[in-house]
Amino acid sequence: MPLYRDEAIVLRTHKLGEADRIITLLTRHHGRVRAVAKGVRRTTSRFGSRLEPFTHVDLQLAEGRNLDTITQAETLTPFHSEIGLDYDRYTAGTVMLETAERVAAEEREPSLQQFLLLVGGLRAMSTGQRTPSQVLDSYLLRSLAVAGYAPSFEHCARCGLEGPHRWFNPSMGGVLCATCRVPGSASPAAETLVLLGALLAGDWPVVEAAEPRHLKEASGLVAAYLQWHLERALRSMAYVER
Ligand SMILES: [Zn+2]
């Protein structure tokens, strides 16, 4: 069987048979890949804990007819050890992993940008330099933007009129001017819209200066935007403290 190497983040694992697992990966070069890790649930497994969710690994895989098989795994960054110790980091990080899996809709469709975004997001989450919910919101907006759903927080999402605008509607792609406004649009604080733009751009000084009520309102709008564009709520979203 032909072998290949790649670098990946472990997104999810599930049991297969007596001792194996299917590992869902976001790889650097091959996009989303599902592969079998044989014997990984045995205490004597040579993989140890290297194939746990969040781990950044260097892999060797053997191509299979249906699923590839992981033949070697080396830890590059043990993100799970930093993220798994803190409940807020863990729940926010889990939403990141689920989102990464959902935005990589097609298996084996490479997206280097999504991979780098996830690695960067997990690194920020594991250092604890920023709050988990700020790291998460920034990651979600950027990941959706890379996937082709870039929200507009300044120009009207419908007619392009220069802002600032008062209305926000996830289904319309962002803010709306008074003319384009549709029923059911939210009217967030002006500061919240500035904050959302900063989260998307990674403008951390603006994010750090934001008031808690605006951060909270922004998180709600990010969640609404994500849910609309991924078409169904993420299971883990309910557990993130807001
Ligand atoms: Zn408009």
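This is a predicted model: local features need pLDDT of at least 70, side-chain atom pairs count only at pLDDT 80 or more; totals for chains, interfaces and linings use all residues.

Student: How are α4 and α5 oriented relative to each other?
Tutor: The axes of helix α4, residues 132–146, and helix α5, residues 190–201, come within 7 Å and cross at roughly 75°. Angles of 65 to 115 degrees count as roughly perpendicular. The two helices α4 and α5 are therefore roughly perpendicular.

Student: Which residues of α5 make the contact with α4, and how many residues of that contact are nonpolar?
Tutor: On the side of α4, the contact is made by Gln134, Asp137, Ser138, Leu141, Arg142 and Ala145, while α5 brings Leu196, Leu199, Leu200 and Ala201. Sorted by class, the contact of α4 with α5 has two polar residues and two charged ones, and the number of nonpolar residues is six.

Student: What is the orientation of α2 relative to α4?
Tutor: Here the helices α2 and α4 pack with their axes 9 Å apart, at an angle of about 10°. Angles under 35 degrees count as roughly parallel, so the description for α2 and α4 is roughly parallel.

Student: Which residues of α4 take part in the contact with α2?
Tutor: The contact of α2 with α4 has nine nonpolar, two polar and two charged residues. From α2 come Asp88, Arg89, Ala92, Val95, Met96, Thr99, Ala100 and Val103. From α4 come Pro132, Leu136, Tyr139, Leu140 and Ser143.

Student: What is the orientation of α2 relative to α3?
Tutor: The axes of α2 and α3 come within 11 Å, and they cross at roughly 180°. Because angles over 145 degrees count as roughly antiparallel, α2 and α3 are described as roughly antiparallel.

Student: How many residues in the contact of α2 with α3 are charged?
Tutor: On α2 the contact is made by Arg89, Ala92, Gly93, Met96, Leu97, Ala100 and Val103, and on α3 by Gln114, Leu118, Gly121, Leu122, Met125, Ser126 and Thr127. The residues of this contact divide into eight nonpolar and five polar ones, and the number of charged residues is one.

Student: Turning to the strands, in what order do the five strands close into a barrel?
Tutor: Two of the neighbouring pairs can be followed in detail. Strand β1, residues 3–16, pairs with strand β2, residues 20–27, in the antiparallel sense over eight bridges, and seven bridges join β1 to β4, which also run antiparallel. Across the barrel as a whole the pairing is mixed, and the order is β1-β2-β3-β5-β4.

Student: Which residue of β4 stands opposite Ile9?
Tutor: The strands β1 and β4 run antiparallel and are joined by seven bridges. Opposite Ile9, the residue found in β4 is His56.

Student: Which element supplies the largest share of the lining of the largest pocket?
Tutor: About 200 Å³ of space lies in this pocket, and its lining includes Leu11, Arg12, Thr13, Tyr90, Thr94, Leu97, Glu98 and Glu101. At least two residues of the lining are supplied by each of β1 and α2. The largest share, five residues, comes from α2.

Student: Which residue other than glycine has a phi near 85°, and where does this residue lie?
Tutor: The residue is Phe54, whose phi is positive although it is not a glycine, and Phe54 is also among the residues that line the largest pocket. Its place is in the loop between β3 and β4.

Student: Which two residues does a cis peptide bond join?
Tutor: One of the two residues lies in the loop between α4 and β6, and this is Pro164. The omega of the bond is about 0°, and the residues joined by this cis peptide bond are Gly163 and Pro164.

Technical notes. Residues are numbered from 1 along each chain as its sequence is written. Side-chain values use heavy atoms; hydrogens and water are left out. Two strands pair if DSSP finds at least two bridges between them. Helices (H or I, at least four residues) and strands (E, at least two) are DSSP runs, numbered from the N terminus. Axes are lines fitted to C-alpha atoms, for helices over the stretch in contact, and angles run from 0 to 180 degrees between N-to-C directions. Contact means heavy atoms within 4.5 Å. Ala, Val, Leu, Ile, Met, Phe, Trp, Tyr, Cys and Pro count as nonpolar, Asp, Glu, Lys and Arg as charged, and the others, Gly among them, as polar. On a 1 Å grid over the protein atoms alone, a cavity is a set of points where a 1.4 Å probe fits but cannot get out, and a pocket is an open set with protein on both sides within 12 Å along at least five of seven lines; lining residues have an atom within 4 Å of a point. Grid points are joined across faces, edges and corners, and a volume is the space filled by probe spheres set on the points.
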